[in-house]
Amino acid sequence: TQSDSKQIDSNVLNMRSYDLYITYDRYYQTPRMWIFGYNENREPLTVEETYEDISSDHVKKTVTQENHPHFSGPGMLSIHPCKHADVIKRIVEQTAQGGKNEVEVHMYLLIFLKFVQSVLPTIEYDYTQQFAMSG
């Protein structure tokens, strides 16, 4: 019946997917993350829908809608790079305290993605290497 199908539909978890782009910000000399989301039908999310998946501490503060430097079309959400260096430095220090004396250069991208995950807590990454942070 129609009411049964509505009940079944309400139990379905609608998935969102995101395209993540990383550019280099010359002014701040750090990577910059760009986010563009889609619903389960691969239709672009509105800015407000995307903000639902962003940590409330970062919405409209460090995560804002801006024009991507290399793509035309609708604006994307961007994690503003002004604090990246400080945050990455703190994560590196916590990682070193977690048992590893020195963080190697090739680990920087994983550390950067760990930072991004704090801003986008609903996104899960498949890490191929583990590193521990002291808490």
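**View A. At 8% relative accessibility, Arg-32 counts as buried.** Buried stands for under 20% relative accessible area, exposed for over 50% and partly exposed for anything in between, using a 1.4 Å probe and protein chains only. This is a predicted model, in which local features need pLDDT of at least 70 and side-chain atom pairs count only at pLDDT 80 or more, while totals for chains, interfaces and linings use all residues. Residues are numbered from 1 along each chain as its sequence is written, and side-chain values use heavy atoms, with hydrogens and water left out. Arg-32 forms a salt bridge with Asp-25, with 3.3 Å between the closest N and O atoms. A salt bridge here is a side-chain nitrogen of Lys or Arg within 4 Å of a carboxyl oxygen of Asp or Glu. Both partners, Arg-32 and Asp-25, are buried. Glu-66 also forms a salt bridge with Arg-32, and here the closest N and O atoms are 2.9 Å apart. That pair links distant parts of the chain, since Glu-66 sits in strand 3 (residues 63–66) and Arg-32 in strand 2, 34 residues apart. Glu-66 itself is partly exposed, at 25% relative accessibility.

View B. Helices (H or I, at least four residues) and strands (E, at least two) are DSSP runs, numbered from the N terminus. Starting at the N terminus, the elements follow the order α-β-β-α-β-β-α-α. The protein chain has 135 residues, and 34% of them count as buried. Contact, a word used in several views, means heavy atoms within 4.5 Å. Take the contacts between residues at least 6 apart in sequence: 52% of these join residues at least 24 apart.

**View C. Asp-19 and Arg-42 are joined by a salt bridge.** Their closest N and O atoms are 3.8 Å apart. Here, too, distant parts of the chain are linked: Asp-19 belongs to strand 1 (residues 17–25), whereas Arg-42 lies in the loop between strand 2 (30–38) and helix 2 (47–51), 23 residues apart. Asp-19 counts as partly exposed, at 21% relative accessibility. Arg-42 is partly exposed as well, with a relative accessible area of 48%. Elsewhere, a network of salt bridges links Arg-16, Glu-52 and Asp-53. The count for the model comes to six salt bridges. As background, side chains of opposite charge can pair when their charged atoms come close.

**View D. Helix 3 (residues 84–97) and helix 4 (residues 108–119) cross at roughly 110 degrees, their axes coming within 10 Å.** Axes are lines fitted to C-alpha atoms, for helices over the stretch in contact, and angles run from 0 to 180 degrees between N-to-C directions. Helix 3 and helix 4 are therefore roughly perpendicular to each other. That label covers 65 to 115 degrees, while under 35 counts as roughly parallel, over 145 as roughly antiparallel and the rest as oblique. On the helix 3 side, the contact is made by His-84, Val-87, Ile-88, Ile-91 and Val-92, and these meet Tyr-108, Ile-111, Phe-112 and Phe-115 of helix 4. The residues of this contact divide into eight nonpolar, one polar and no charged. In this scheme Ala, Val, Leu, Ile, Met, Phe, Trp, Tyr, Cys and Pro are nonpolar, Asp, Glu, Lys and Arg are charged, and the others, Gly among them, are polar.

**View E. Let us stay with helix 4 and look at its buried residues.** Leu-110, Ile-111, Phe-112, Leu-113, Phe-115, Val-116 and Val-119 are buried in helix 4. The buried residues of this helix pack against strand 1, strand 2, strand 3, strand 4 (76–79) and helix 3. Lys-114, also in helix 4, is partly exposed at 33% relative accessibility. Lys-114 and Ile-88 are 26 residues apart in sequence, and their C-alpha atoms are 9.3 Å apart in space.

**View F. Gly-37 has its place in strand 2.** Gly-37 is buried, with a relative accessible area of 3%. Setting aside neighbours within four places in sequence, Gly-37 is in contact with Ser-17, Tyr-18, Glu-43, Pro-44 and Leu-45. Met-76 is 39 residues from Gly-37 along the chain, and 8.7 Å separates their C-alpha atoms.

**View G. Cys-82 is found in the loop between strand 4 and helix 3.** Cys-82 counts as partly exposed, at 37% relative accessibility. From C-alpha to C-alpha, Cys-82 and Tyr-28 are 6.3 Å apart in space, and they are 54 residues apart in sequence.
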